[in-house]
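Student: Please take one part of this model and describe it closely, giving the cut-off behind each term as you go.

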Amino acid sequence: FQKHEFFVDMTCEGCSNAVTRVLHRLGGVNFDIDLPNKKVYIDSEHNVDTLLETLKKTGKNASYLGVKSA
Amino acid sequence: KFTMEAKSVAIGVEGMTCNSCVQSIEQHLGKMNGIHDIKVSLEDKNAVVIYDSKLQTPATLQEAICDMGFDATLAGSSPQP
């Protein structure tokens with residue numbers, strides 16, 4: 001079982017709420033947000049490019065870090 | 001002669017909690033076509049946008065903010081000219 005690990009430059013709860021909302025809008029994703037470490041872990045059928053584009057919609061810096069096996 | 005159809009609209013924005021949220025909205029919307037000026041207020045929970053009505057409408061601006069993950073509401077036309 002794998003989760004994609006993304007870096008998103010979140011600084012507050014408003015930021016992480018924004019990330020939550022855009023991911024909900026995309027749909028079909030399970031995710032955890034680690035605000036202190038500015039990480040978002042996503043388990044989804046969508047490909048990485050789609051997920052990264054979605055994260056970037058928040059206007060924050062986002063990058064793909066790789067697969068994290070759980 | 002080139003004339004601009006500059007209009008102003010105030011859009012209510014919910015969900016911003018810090019200046020970083022404010023800045024991302026200002027930067028993101030500022031990059032859109034037809035945006036002349038944008039002022040986002042954390043205290044008033046709104047964004048006042050001066051835009052070219054040929055290129056944008058209040059609805060497209062609202063959608064852009066929604067896309068970023070914030071609740072945006074059109075509070076009717078802005079009282080300012």
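Tutor: The largest pocket holds about 150 Å³ of space, a volume being the space filled by probe spheres set on grid points joined across faces, edges and corners. This is a predicted model, in which local features need pLDDT of at least 70 and side-chain atom pairs count only at pLDDT 80 or more, while totals for chains, interfaces and linings use all residues. Residues are numbered from 1 along each chain as its sequence is written, chains are lettered from A and ligands numbered from 1 in the order in which they are written, and side-chain values use heavy atoms, with hydrogens and water left out.

A pocket is an open set of points on a 1 Å grid over the protein atoms alone, where a 1.4 Å probe fits, with protein on both sides within 12 Å along at least five of seven lines; lining residues have an atom within 4 Å of a point. Here the lining consists of Asp9(A), Thr11(A), Gly59(A), Lys60(A) and Asn61(A), together with Ser20(B), Gln23(B), Ser24(B) and Gln27(B). By class, that lining has no nonpolar, 7 polar and 2 charged residues, where Asp, Glu, Lys and Arg count as charged and Gly is among the polar ones.

As for the two chains, the contact (heavy atoms within 4.5 Å) takes 14 residues from chain A and 13 residues from chain B. Across this interface there are 2 salt bridges, each a side-chain nitrogen of Lys or Arg within 4 Å of a carboxyl oxygen of Asp or Glu. Arg25(A) forms a salt bridge with Asp67(B), their closest N and O atoms being 2.8 Å apart.
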